[in-house]
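This report describes the architecture of a two-chain model.

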Amino acid sequence: MNTAAPVKRHMGLRASRRAANTAIYVVLIAISVIWLIPFICILLQSFRVESTNEVGYVVPHVWGFDNYVNLAKTDFWRWYRNTFVIAICVAVFQTVIVLCMSYTLSRFRFKMRKPIMKLMLVLSLFPGMLTMIILYRVLADIGLTQANAVPGLILVYIASSGMGYYVSKGFFDTISKSLDEAARVDGATRLKVLVKIILPLSKPIVIYTILTAFMAPWGDFVFARYISMGTSKGMNVAVGMYNWLNKDQIGSRYTMFCAGGVLVALPVTILFLMLQRYYVEGVTGGAVKG
Amino acid sequence: MKRISDLEYLKLPRYKRLAYKVASFFASIPGAVWGLIKKIGLAIAGLFAGIGREISDIVSTFVHGSAPTKISYVVMGYGNMARGQWLRGILFLLFEIVFIGYMILAGGHWLSMLPSLGKQGPTEVYDWVLDTYTYEYHDNSFKILLYGVLTIFFIVAFIYTWRVNIRQNKIAEQILASGKKLKSGKDDLHSLVDDSFHKTLLALPMTGIIVFTVLPIIFMVLVAFTNYDGTHNGYSNNLFHWVGLDNFNTMLSWTANTRGGTQSYAATFGEVLTWTLIWAFFATFTNYFLGMLVAMAINKKGIRLKKMWRTILVMTIAIPQFISLLYVSKMFAKNGIMNGFLMDLGLIDQAIDFFGDASKPWLARVTVIVINIWIGIPYLMLMATGILMNIPQDLYESARIDGASGWQQYSKITLPYMLFVTGPYLLTSFTGNMNNFNVIFLLTGGAPTNSAASSAAGNVGYTDLLITWLFKITTGPQSQYYLASVVGIMVFVVVALITLIVYSALPSIKNEEDFQ
């Protein structure tokens with residue numbers, strides 16, 4: 001009898017915890033359904049054969065790969081290649097530039113350091129879209145718009161990428177400076193310190209930078225649209241497929257949009273999920289550093 | 001507001017402490033604004049004082065300098081070469097030659113045209129051979145403005161280099177006078193990977209930023225003072241020219257404008273700005289708190305499959321926004337899946353026009369905010385997960401031993417910790433949401449259209465943010481670049497004000513060295 005009361009209380013606690021956990025499971029399942037529904041709908045509708053238009057139901061009546069096959073009849077694969085080329089180039093160059101910038105601002109103390117950081121802050125307060133008009137005209141003058149939009153876009157993306165140095169600077173800040181100093185005392189040049197000591201320690205941030213740089217061009221819409229301006233040859237997937245949902249095209253292209261969406265999303269998503277760990281580190285670190 | 005001491009503060013009950021903090025935050029705003037004005041004033045005064053010092057130094061270096069130093073005032077790099085620093089000297093001289101050549105061949109021309117932005121537009125010429133009229137193009141306002149700005153950049157760079165050249169002479173004289181050796185060209189090259197390694201690393205990124213961001217921003221700010229638009233493109237139709245503050249007057253005038261629409265630009269601007277701020281506020285804080293809740297739910301002890309729940313949410317980040325957002329916007333269309341679903345359930349008998357009903361602007365606005373939760377939660381969930389794991393677990397343990405409830409643990413440990421750590425993030429997230437082009441443009445395209453607003457202002461809609469409005473003006477039928485530029489400047493002013501005020505009013509401005 002003496003032991004019954006604590007046991008009962010213990011049971012009560014466990015029961016209430018179980019009730020709370022059940023409630024959380026219900027919420028999590030509901031959330032998962034809400035988050036997954038659009039993607040499941042896209043996937044299902046990409047296999048729909050009987051109608052290419054928007055319909056009020058989700059599960060196709062007739063299944064088939066028609067939409068995927070028909071993509072070859074459009075410029076889709078050209079857009080795909082364009083986007084892929086852009087993404088690869090941006091991933092390489094942007095990573096180099098961002099790392100140069102963030103490493104310098106994290107590690108060196110020189111007269112222009114604070115002014116440069118202040119300048120970056122002020123520049124980031126301007127809406128980036130403002131510069132679109134002039135960049136378009138200048139690129140048009142040197143022939144890098146419309147059909148040649150791909151090199152033009154690459155140039156624009158990487159040229160200003162130094163401004164996104166915050167996250168990786170935050171990372172470099174966490175690497176102890178005594179490492180550098182020890183190497184410097186031993187007579188290593190600054191270059192050697194970077195290559196031999198810092199870079200090997202920076203794998204997470206390098207992967208994070210490459211990943212975000214690679215993913216951004218797949219979703220970029222505004223700039224790509226303005227620079228390719230109605231010329232199908234120079235479009236990326238976002239711009240090209242956006243037009244498929246226009247009032248006059250949606251009737252014949254809606255399911256193709258879904259099929260194209262699946263083809264674009266799959267590789268990017270798989271890559272992302274594989275490297276998720278690094279992304280999470282970057283996001284968390286960046287938020288903490290502000 | 002009365003300031004209280006730390007001891008008095010600690011004696012206050014919890015809710016009064018919060019009230020005190022909030023009150024002191026707002027009370028510090030006027031002081032912060034005043035401090036800012038003072039700072040700007042001091043900065044300007046400091047600038048002039050600095051210029052004065054520079055000039056006196058330039059003069060005294062000339063007076064006391066040796067012959068090579070004096071010659072360097074005209075022939076840059078002469079002093080370096082005379083003292084054996086050939087590499088530096090040749091670079092200086094080369095820069096001077098290029099500069100002078102550029103100014104004579106092109107720069108002078110662009111500079112002289114800058115005040116007028118061109119005198120002669122295209123003229124019609126009768127072509128006897130082809131028997132048609134053709135156009136002959138003359139001045140190009142766009143190029144004049146662009147190269148004019150470039151030339152000014154170049155002049156500033158030249159003056160700076162000239163100054164460096166003089167300072168180097170002075171320093172070299174001092175070094176020689178003290179009996180030491182000067183750096184050779186080889187030393188200079190070596191220092192590029194060592195002591196001056198930062199210059200090497202920054203050269204490429206900074207060049208990109210100056211050419212592709214700083215220069216365009218200056219150009220576009222200047223455009224706000226011209227009449228550059230689709231019918232004045234400065235080349236093939238009419239030239240554009242300076243109009244002073246006319247565009248700002250248009251934007252801020254309360255009289256209904258004549259080019260269609262019953263609403264003045266100022267009223268439209270006020271509406272869009274208000275919605276932009278409301279949007280930014282809700283988009284930031286709904287995501288923040290809900291994302292944190294989801295993260296806590298997944299992190300809770302005893303919840304299994306943590307990784308799976310996270311992965312499901314994270315997929316939304318991975319899938320390019322144009323796919324997910326465009327698809328969701330179609331789901332919410334009048335004949336979309338959402339309406340079909342609601343009607344099947346019998347919740348509604350008529351399809352709801354979420355984004356098209358101009359009589360219910362708030363329906364579209366609330367829908368957009370709700371859909372944005374769908375987009376934002378995964379990101380916040382990831383971030384909050386990382387931060388929550390950093391909270392020392394013994395805090396919770398001791399709280400539990402003291403008998404604190406779940407809510408108390410949350411409000412006294414979790415929330416303050418999160419807010420403290422993510423304060424700066426909240427600010428950047430707020431300003432980022434103000435400029436969140438993708439969500440609005442891909443979801444609604446700004447719809448429903450505000451028919452009262454002038455069509456000249458680019459068919460602005462009820463869910464348009466300033467940034468999407470700017471885009472509409474730019475790409476609209478009249479391409480009113482000057483108006484887009486005015487809106488852009490306004491965005492800058494608003495965002496800058498918010499940032500500055502919040503930063504200077506925040507109780508502690510974090511010292512970045514503290515982290516290292």
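## Architecture of chain B

Chain B contains 19 helices and two strands. The model is a predicted one, and the values below are computed from its coordinates or from its confidence scores. Chain B has a radius of gyration of 31 Å, whereas a compact globule of 516 residues would have one near 24 Å. Its C-alpha trace extends over about 90 × 80 × 50 Å along the principal axes. Among the contacts in chain B with a separation of 6 or more, 62% join residues 24 or more positions apart. Buried residues make up 33% of the 516 residues of chain B.

| Domain of chain B | Residues |
|---|---|
| Domain 1 | 6-59 |
| Domain 2 | 65-244 |
| Domain 3 | 265-510 |

The C-alpha centres of domain 1 of chain B and domain 3 of chain B are 31 Å apart. Where these two domains meet, seven residues of domain 1 of chain B contact four residues of domain 3 of chain B. The side contributed by domain 1 of chain B consists of five nonpolar and two polar residues, with no charged residue.

## The interface between the chains

The contact between the chains involves 68 residues from chain A and 73 residues from chain B. On the side of chain A, helix H1 (residues 4-45) of chain A gives the most, with 13 residues. That side of chain A comprises 48 nonpolar, 14 polar and six charged residues.

## Core and buried helix

In soluble globular proteins, nonpolar side chains tend to be buried together. The largest nonpolar core here has 164 residues, and the members that touch the most others are A:Val90, A:Leu153, B:Leu466, B:Leu470 and B:Val487. Helix H3(A) gives the most to this core, with 14 residues.

Two of those members, B:Leu466 and B:Leu470, are among the buried residues of H18(B). Helix H18 (residues 466-475) of chain B is mostly covered, with nine of its 10 residues buried. The buried set also includes B:Thr468, B:Lys472 and B:Thr474. Leaving out residues up to four places away in sequence, B:Val487 touches B:Leu466, B:Trp469, B:Leu470 and B:Ile473. An α-helix has 3.6 residues a turn, so residues three or four places apart point the same way.

## A buried aspartate in chain A

A:Asp220 lies in the loop between helix H10 (203-219) and helix H11 (222-228) of chain A. Is A:Asp220 buried or exposed? A:Asp220 is buried, because 25 other C-beta atoms lie within 10 Å, and the cut-off for burial is 20 or more. Apart from neighbours within four places in sequence, A:Asp220 contacts A:Asn236 and A:Ala238. The C-alpha atom of A:Asp220 is 21 Å from that of A:Ile250, a residue 30 positions away along the chain.

## Confidence of chain A

The mean pLDDT of chain A is 86, and 94% of the residues score at least 70. Where pLDDT is low, the predicted coordinates should not be read in detail.

Key: Residues are numbered from 1 along each chain as its sequence is written. Chains are lettered from A and ligands numbered from 1 in the order in which they are written. Domain bounds come from an automatic or database domain assignment. Ala, Val, Leu, Ile, Met, Phe, Trp, Tyr, Cys and Pro count as nonpolar, Asp, Glu, Lys and Arg as charged, and the others, Gly among them, as polar. Helices (H or I, at least four residues) and strands (E, at least two) are DSSP runs, numbered from the N terminus. The radius of gyration is taken over C-alpha atoms; the globule rule is 2.2 Å times the number of residues to the power 0.38. A residue is buried if 20 or more other C-beta atoms lie within 10 Å of its own, exposed if 12 or fewer, and partly exposed in between; C-beta atoms are placed from the backbone. pLDDT is the predictor's confidence in each residue, from 0 to 100. A nonpolar core is a set of buried Ala, Val, Leu, Ile, Met, Phe, Trp, Tyr and Cys residues joined through C-beta atoms within 7 Å.
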